[in-house]
Protein chains: 2
Amino acid sequence: MSRAERITWQAVQDQVRQRISQRQWKPGQQIPHEADLAREFGCARATVNRALRGLADAGLLERRRKAGTRVALNPVRRAEFSIPLIREEIEAKGQRFGFRVLRREMRLPPPELQARLQIDGAQPILYLQTLYTADSQPYLFETRWINTLAVPSAAAAEFATLSPNEWLVREVAFDGGDFTFSAIAATAQEARMLGCKIGEGLLVLDRTTRHGADMITSVRLVFHRGYRMHTRI
Amino acid sequence: MSRAERITWQAVQDQVRQRISQRQWKPGQQIPHEADLAREFGCARATVNRALRGLADAGLLERRRKAGTRVALNPVRRAEFSIPLIREEIEAKGQRFGFRVLRREMRLPPPELQARLQIDGAQPILYLQTLYTADSQPYLFETRWINTLAVPSAAAAEFATLSPNEWLVREVAFDGGDFTFSAIAATAQEARMLGCKIGEGLLVLDRTTRHGADMITSVRLVFHRGYRMHTRI
DNA sequence: ATATTGTTTATGTATAAACATAATGTCGAG
DNA sequence: CTCGACATTATGTTTATACATAAACAATAT
């Protein structure tokens with residue numbers, strides 16, 4: 001005779017997830033409250049709370065004080081993409097990572113970027129063009145602005161052994177930013193850089209990172225032809 | 001004289017986040033353990049635990065039993081995209097949502113899809129082509145396979161008032177799937193459907209959803225020219 | 001009717017205490 | 001010196017208890 005197993009919050013979560021998945025509890029429907037579930041599963045309310053909070057974070061449940069907990073109407077609405085360092089992404093595929101800084105100069109940023117910099121007066125900042133390669137094949141073409149007013153040390157950085165990307169990740173802190181995925185047809189320059197035909201559909205990721213109020217860097221990544229960004233839920 | 005405020009886990013989390021952001025605790029560095037932090041902040045260890053767990057979930061900290069907690073080497077590596085219902089996305093912009101099922105037939109799925117269906121013998125399943133519009137402008141062209149062997153009711157569904165997307169979300173449960181973003185150059189068909197020129201760069205989202213072992217639906221969304229998928233962290 | 005006020009209730013949070021678990025480090029046997 | 005057993009330690013989890021808070025609901029006053 002084995003002594004009674006302790007109920008874990010994972011067990012509760014699995015049970016609840018299953019009931020939702022099997023439509024025993026239907027979308028929009030209210031589920032029993034924590035105290036009842038705690039009694040049913042034979043555990044403390046805190047354990048149920050932990051389980052349900054996780055499911056709410058995942059978007060499977062909607063919870064409101066006093067109103068109770070109900071199954072979300074449209075369950076899965078999020079996809080989380082891991083944005084790895086380019087080096088890691090390439091090396092994870094067993095390929096040899098490489099990069100080349102093709103252009104590097106102080107340049108006056110375009111108006112829309114000047115607005116985001118929130119500096120008065122037009123001042124030149126660091127502008128970089130870098131090509132990343134996997135086994136010497138073009139992988140990614142990067143166009144980057146670095147706010148040298150917020151990160152003066154960048155002006156002197158070599159980017160010889162460390163790519164601009166990795167240099168920034170290592171050297172400067174940031175706490176926010178935004179990402180935008182879009183698609184373009186390859187221009188002549190992009191086609192030349194990435195070794196594809198003009199007009200190929202290419203995936204583009206625009207990213208701006210901030211630290212507090214300061215914009216640190218704004219970068220546009222143009223991926224090679226056929227690049228796929230994948231995730232599962 | 002106000003009585004001492006209770007320390008909340010959010011306050012602890014903010015403090016810790018700030019210390020990381022200000023590089024008081026540097027990437028890779030080990031931070032004080034829970035008991036010490038609890039003493040410092042004047043709260044229970046459980047409160048610190050709650051705070052740190054959140055930061056670990058967010059990818060800012062790495063925690064291992066006995067080894068302690070350390071600041072993650074590359075802080076932000078995830079971007080979470082909310083994938084709203086197309087209707088909601090369009091209506092949120094104040095535009096009028098519409099859709100038209102252009103094609104609907106039982107068809108033999110292509111080999112790579114047959115493999116994912118994991119059914120023996122080639123059997124036709126439901127194939128749909130749908131155009132979604134915002135203010136009557138083409139918004140999204142959808143090509144969808146629905147596994148009518150797992151969801152027989154789909155064969156009879158009208159998709160008159162409810163789009164295939166919404167019908168599925170409402171009618172059938174799913175618990176997993178995968179997403180792939182990529183880019184294409186518009187083919188003649190896509191250009192015609194979406195009202196753009198042949199060769200325009202278009203964003204594509206391929207999605208397959210499962211319920212247990214069954215594949216439910218596999219869909220390719222081709223967005224209109226200039227579509228941007230945005231998120232912030 | 002309508003606005004206000006109060007009561008009730010379900011979730012949210014804080015705490016101390018205890019035990020579980022994984023990983024590290026240490027010590028001793030061989 | 002190497003390997004395995006074992007103690008140590010930091011995080012992980014569960015519990016009971018208490019109080020906080022938001023929101024629904026009812027009762028009341030205007």
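Tutor: Let's start at DNA strand D: 24 residues lie around it, and A:Thr8, A:Thr47, A:Arg64, B:Arg45 and B:Arg63 come nearest. A residue is called near a strand if one of its heavy atoms lies within 4 Å of it. Some ground rules: this is a predicted model, where local features need pLDDT of at least 70, side-chain atom pairs count only at pLDDT 80 or more, and totals for chains, interfaces and linings use all residues. Residues are numbered from 1 along each chain as its sequence is written, chains are lettered from A and ligands numbered from 1 in the order in which they are written, and side-chain values use heavy atoms, with hydrogens and water left out.

Student: What makes the approach of A:Thr47 to DNA strand D a polar contact?
Tutor: An N or O atom in the side chain of A:Thr47 is 2.6 Å from a phosphate oxygen of DNA strand D. A polar contact is a pair of N or O atoms within 3.5 Å, so 2.6 Å qualifies. A:Ile7 gets there through its backbone, where an N or O atom lies 3.3 Å from a phosphate oxygen of DNA strand D. From chain B, a side-chain N or O atom of B:Lys66 is 3.3 Å from a sugar or linking oxygen of DNA strand D.

Student: Which elements give two or more residues to the surface near DNA strand D?
Tutor: They are α1 (9-21) and α3 of chain A, plus α3, β2 (61-64) and β3 (68-71) of chain B. The names follow DSSP runs, numbered from the N terminus: helices are H or I with at least four residues, strands E with at least two. The largest share, four residues, comes from α3(A).

Student: How many of the residues near DNA strand D are charged?
Tutor: Twelve are charged, with seven polar and five nonpolar. Here Asp, Glu, Lys and Arg count as charged, Ala, Val, Leu, Ile, Met, Phe, Trp, Tyr, Cys and Pro as nonpolar, and the others, Gly among them, as polar.

Student: How do you know that chains A and B are related as by a two-fold axis?
Tutor: Chain B can be laid on chain A by a turn of 180° with a shift of 0.0 Å along the axis, at an RMSD of 0.1 Å. The two copies are thus related as by a two-fold rotation axis. That superposition is by least squares on the C-alpha atoms of residues with pLDDT of at least 70 in both. The same surface serves both copies, with 100% of the contact residues of chain B recurring in chain A.

Student: How many residues are in contact across the two chains?
Tutor: 48 residues of chain B contact 48 residues of chain A, contact meaning heavy atoms within 4.5 Å. The chains bury about 4100 Å² between them, 52% of it on carbon and sulfur atoms. Buried area is the accessible area (1.4 Å probe) that two parts lose on being put together, summed over both. B:Arg23, B:Phe179 and B:Phe181 supply 14% of the area that chain B buries against chain A, more than any other three residues.

Student: Why is A:Phe159 called buried?
Tutor: Buried means under 20% relative accessible area, exposed over 50%, and partly exposed in between (1.4 Å probe, protein chains only). A:Phe159 has 6%, so it counts as buried. A:Phe159 lies in the loop between β7 (137-146) and α6 (164-171) of chain A, and its phi is near 55°, a positive value in a residue other than glycine.

Student: What makes B:Ser136 partly exposed?
Tutor: Its relative accessible area is 48%, so B:Ser136 is partly exposed. B:Ser136 is in the loop between β6 (125-134) and β7 (137-146) of chain B, with phi near 70°, a positive value in a residue other than glycine.

Student: Then is A:Phe41 buried or exposed?
Tutor: A:Phe41 has 15% relative accessibility, so it counts as buried. A:Phe41 is in helix α2 (residues 34-41) of chain A. Leaving aside neighbours within four places in sequence, A:Phe41 is in contact with A:Ile7, A:Val12, A:Gln15 and A:Arg19.

Methods: A polar contact is a pair of N or O atoms within 3.5 Å; within protein, one must be able to donate a hydrogen and the other to accept it, and residues adjacent in sequence count only if both atoms are side-chain atoms.
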